[in-house]
Amino acid sequence: MRVTDRPTLLAESIAELLGTFVLILFGTGVVAMVVLFPSTHPGESAHGGYTNITLGWGLAVTMGVYVAGRVSGAHLNPAVTLAFALFRGFPWRKVLPYCVAQTAGAFAAAALVYWNYLPAFRQVDPQLERTAGVFTTFPAFPTLPQAGFLDQVIGTGLLLLLVFAITDEFNAPPGANLTPVMIGLVVVAIGMSFGAMHGYPINPARDFGPRLFTVIVGFRNNGLTDGARVWWIPVVAPLVGGVIGAGLYDFGIRRFLLTLSNNSSGPEARR
């Protein structure tokens with residue numbers, strides 16, 4: 001491929017798969033560290049707690065974006081892909097391949113994390129009855145699972161609003177290739193502020209790919225085929241929230257930035 005050539009859809013899909021693979025590898029890996037290695041004190045982990053998880057997921061997103069950014073734009077999330085198709089002219093023909101690649105990357109990452117921590121799973125949860133949450137998310141209030149829907153709409157709305165703000169060439173985008181770092185920090189902030197109600201997946205592929213893996217391996221209470229059927233919340237709610245957040249940015253901020261840009265390039269600005 002010549003340097004001047006645009007990446008093919010296959011190359012972009014592979015980048016999305018590998019970027020999401022790295023994201024989920026670090027993300028589910030940090031959850032496994034916290035859940036599977038309890039300390040000598042009851043109820044505590046030998047490897048940190050929720051703060052570790054939020055920082056780990058933020059760094060995971062940063063690394064995934066660095067992996068795929070140049071080739072595919074590093075969506076790594078169907079909610080991001082849908083929002084860019086609706087508001088940024090991303091080709092609709094690429095939406096499904098991107099989403100499939102993202103989900104496949106998440107599935108493969110969950111499989112590798114499980115393989116790596118298999119001895120710990122066999123010791124802590126030999127029947128695989130209570131550790132599906134290492135890979136996927138569940139509502140904090142099982143009797144009110146719909147409460148997690150709003151949580152996911154808010155969290156993903158914030159994610160897309162800020163992704164659009166950070167990447168907007170008419171705004172004040174970060175320099176020196178710091179965009180992935182800033183997006184990772186956004187994920188940390190969302191996790192710390194809106195992470196309790198449903199585990200803040202804010203990404204349908206991040207949740208559904210690993211959840212599908214738990215079904216195939218035989219985890220109980222996986223939320224898809226066993227236990228409460230809550231799998232649809234972290235799939236549907238992020239798609240809705242992402243569109244809302246992206247729309248809020250475009251109609252609330254970007255249209256004013258475009259006006260300012262047009263005015264600054266007019267005849268008066270050149271005098």
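User: What does "buried" mean for a residue?

Analyst: Buried means under 20% relative accessible area. This model is predicted, so we read computed values. Take Ala 74. Its relative accessibility is 9%, so Ala 74 counts as buried.

User: Where is Ala 74 in the chain?

Analyst: Ala 74 is in the loop between α2 (50-72) and α3 (78-87).

User: What should I look for in the backbone angle phi?

Analyst: Start with the general idea. Most residues other than glycine have a negative phi. Now the case here. Ala 74 is not a glycine, yet its phi is positive, about 55 degrees. Tyr 200 also has a positive phi, near 40 degrees.

User: Is Tyr 200 buried or exposed?

Analyst: Tyr 200 has 5% relative accessibility, so it counts as buried. Tyr 200 sits in the loop between α7 (179-194) and α8.

User: Now the rings. How many aromatic pairs are there?

Analyst: A search of the whole structure finds 16 aromatic pairs. One of them is Phe 149 with Trp 232. Their ring centres are 5.9 Å apart.

User: Why is that pair called tilted?

Analyst: Planes under 30 degrees apart count as stacked, and over 60 as edge-to-face. The planes of Phe 149 and Trp 232 are at 40 degrees, so the pair is tilted. The pair links distant parts of the chain, 83 residues apart. Phe 149 is in helix α6 (residues 147-167), and Trp 232 is in the loop between α8 (204-217) and α9 (233-264). Phe 149 is partly exposed at 25%, and Trp 232 is partly exposed at 36%.

User: Which residues form an edge-to-face pair?

Analyst: Phe 164 and Tyr 249 do, with 90 degrees between the planes and 6.5 Å centre to centre. Phe 164 in helix α6 and Tyr 249 in helix α9 are 85 residues apart. Both Phe 164 and Tyr 249 are buried.

User: What lies over the face of Phe 138?

Analyst: Arg 211 does, at 5.1 Å from the ring centre.

User: How do I describe two packed helices?

Analyst: Give the angle between their axes and the distance between the axes. The crossing is right-handed.

User: Which residues meet there?

Analyst: Residues of α1, including Leu 17, Phe 21 and Ile 24, meet residues of α4, including Tyr 98, Ala 101 and Leu 112. By class, the contact has 16 nonpolar, 6 polar and 2 charged residues.

Methods
Residues numbered from 1 in each chain as written. Predicted model: local features only at pLDDT ≥ 70, side-chain atom pairs only at ≥ 80, totals over all residues. Heavy atoms only, no water. Phe/Tyr/Trp six-rings, centres within 6.5 Å; stacked < 30°, edge-to-face > 60°. Helix = DSSP H or I, 4+ residues; strand = E, 2+ residues; numbered from the N terminus. Buried < 20%, exposed > 50% of the residue type's maximum accessible area, 1.4 Å probe, protein only. Lys NZ or Arg CZ within 6 Å of the ring centre and 35° of its normal. Left-handed = near helix turned anticlockwise from the far one by under 90°. Contact = heavy atoms within 4.5 Å. Nonpolar A, V, L, I, M, F, W, Y, C, P; charged D, E, K, R; others polar.
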